[in-house]
Amino acid sequence: MFTPAIADQRFVLDHVARIADLAATERFAAASDDVVDAVLEGVGQLAAGEWAPLLRAGDTVGAKWTPEGVVMPDGFVKAYHDYVEGGWGTIGVPEEFGGQGLPFVIQTAVLDTLGTANMGFALAPTLTVGAIEALAHHGSPEQQALYLPHLATGAWTGTMNLTEPQAGSDVGALRTTATPRGDGTFLIKGTKIYISFGDHDMAPNIVHLVLARTPGAPAGTKGISLFLVPKYRLNADGTPGDFNDVRVVSIEHKMGLHASPTCVLSFGDNDDCIGELIGAEFGGIRAMFTMMNNARLNVGLQGVQVAEAATQAAVGYALDRVQSPRAGSGSAESVKIVEHPDVRRMLLRMKAQTMAARALVYYAASQVDRATLKEIGGQERLDILTPLAKAHGTDIGNEVASLGIQIHGGMGYIEETGAAQFFRDARITPIYEGTNGIQAADLVGRKLGMDNGGVFARLIADMRAEAQDAGLVDLIDACDEIGRGMAGMDADDKLAASYPFLTMLSVATCGWLMERSGRLATGDDAFAQMKRAACAFYVAQIVPESLGLRAAATANATVLYSVPAEAFAA
């Protein structure tokens, strides 16, 4: 049932990410039209031929813990090796580190396709991309030479290790230690939880990036350092050698995403886990946020992936399921449910929201490339878009997956149709890599104030300059007024209003990009017709909905604290 969304991906690359502008630079000259088309087609074939057929087994069989480590379901090892052999992991990695040096937004499209085919499986390369970013920006030349070529191909996979049992979002409370050995390396000791693909049998080595404290380190986040801790130490020739005392304690039993082993890892049970410092001592948070910001965009992309998958499944069902005559048709003959108005409303909403999320995330991804090119405004635009892409992209993924179940009706609640898997898989995305509430707090607490409000003002100005629909203009104006007003709010009031405001600003940004897309979707083919309809639906119906959040985005925190905490249990 899976079909690569190549037409929409290519449209968004052209008209939202504006890939031609990137390809016109020396840095990204290789991103010609022929190359982009070949990448989209090629990864689509891999995803349809090998990754999508494993979706069901990933859910029903899932990754399994054994005394020898985590074992993936049948077929996963071969499908992953074919991904590596095809060079798909190298797409956006700089050439000096063994990659193809194509734009990050093209790599985003590759992960979009793979994740739509099999979201849990695609977490393995997604996390490796983040590890590459951290090492490319903060690793020593020796670390880069030893590890990046293997990570670039995906032959070795990467993880990020932040969370501990007593330290969830409060990273500063972590207790994992790193004790100097006297030779420039450190003994790592501690436990990390929620480590996606912390162990598996698809690669000969796994490169863990681990936050830990050195002796005498300051309390809180200021005392955290980042360490490179491979599952197997490297021999003199750079090949995996001795086991590095990293043990899988267990894997979590989860609501969804069963193809992705979520591990509890214990480092140094035998006091023989050796790590290397990445960057400067106490520079761990800065280095980890390089990886985290990359991951947040890719989690927003997971919202696109699951929305696309759920939409395709719902469309397939609606085109096949026959039930009841169409009201008002004058005919007593039952029709496919796609002919019923409310089903069409849901399907069009799913299409519109999925396209809007893809536009938002690809637009943010293109700013990574513009920041790489040192383009004026690229990094600041990326900074303000990142919480929007992560939070709103995943909110959309959950909404669309839920609508997909509704279209299937009672069969959507039955596991055999697969509609429920999308909803279960989607539910983690607003939680990990910084909950969506944290994204909203980041937006109002840090991003609105960048350059004394100038970064926010420039985004508003760009939207105003292009927006034509009166409702969209009203929403942009409301976001401008509320955003500027937040500068004078106290912390409680600002945070109480943060989430509805993030949604309003995200919808305004999506509306801007969708309105543009609707104007540019010329032609009479089925894709162009659907693109225009989805964009029109978004601007006419979804944009006005978000204006209804204005009351919540301007309310203070008084009512939230009008009762004692104990009253919530009443």
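1. Start with strand S11, residues 262-267. Six of its six residues are buried, so the rest of the structure largely encloses this strand. Buried here means under 20% relative accessible area, against over 50% for exposed and partly exposed in between, with a 1.4 Å probe and protein chains only. Strands (E, at least two residues) and helices (H or I, at least four) are DSSP runs, numbered from the N terminus.

2. On provenance: this is a predicted model, where local features need pLDDT of at least 70, side-chain atom pairs count only at pLDDT 80 or more, and totals for chains, interfaces and linings use all residues. Residues are numbered from 1 along each chain as its sequence is written, and side-chain values use heavy atoms, with hydrogens and water left out.

3. Which residues of S11 point each way? Thr262, Val264 and Ser266 point one way, and Cys263, Leu265 and Phe267 the other. All are buried. In a regular strand, side chains alternate between the two faces of the sheet.

4. S11 has antiparallel partners. Strand S5 (residues 185-196) pairs with S11 over five bridges, and Gly190 stands opposite Phe267. Strand S10 (residues 246-251) also pairs with S11 in the antiparallel sense, over five bridges. There, Ile251 stands opposite Cys263. Pairing requires at least two DSSP bridges between the strands.

5. Next, the second largest pocket. Its volume is about 670 Å³. Its lining has 23 residues, and Thr311, Val315, Lys351, Met355 and Met530 lie nearest the centre. H1 (6-15), H9 (284-318), H10 (341-372) and H17 (526-547) each supply at least two lining residues. H10 gives the largest share, seven residues. By class, the lining has 14 nonpolar, four polar and five charged residues.

6. Pocket terms. On a 1 Å grid over the protein atoms alone, a pocket is an open set of points where a 1.4 Å probe fits, with protein on both sides within 12 Å along at least five of seven lines; lining residues have an atom within 4 Å of a point.

7. Arg10 sits in helix H1. Its relative accessibility is 13%, so Arg10 counts as buried. Leaving aside neighbours within four places in sequence, Arg10 is in contact (heavy atoms within 4.5 Å) with Ile19, Asp33, Val36, Asp37 and Leu40.

8. Last, the largest nonpolar core. Among its 171 residues, Phe501 and Leu505 touch the most other members. H9 gives the most to this core, with 17 residues. Such a core joins buried Ala, Val, Leu, Ile, Met, Phe, Trp, Tyr and Cys residues through side-chain atoms within 4.5 Å. Beyond its neighbours within four places in sequence, Leu505 is in contact with residues including Leu388, Phe456 and Cys479.

Notes. Grid points are joined across faces, edges and corners, and a volume is the space filled by probe spheres set on the points. Ala, Val, Leu, Ile, Met, Phe, Trp, Tyr, Cys and Pro count as nonpolar, Asp, Glu, Lys and Arg as charged, and the others, Gly among them, as polar.
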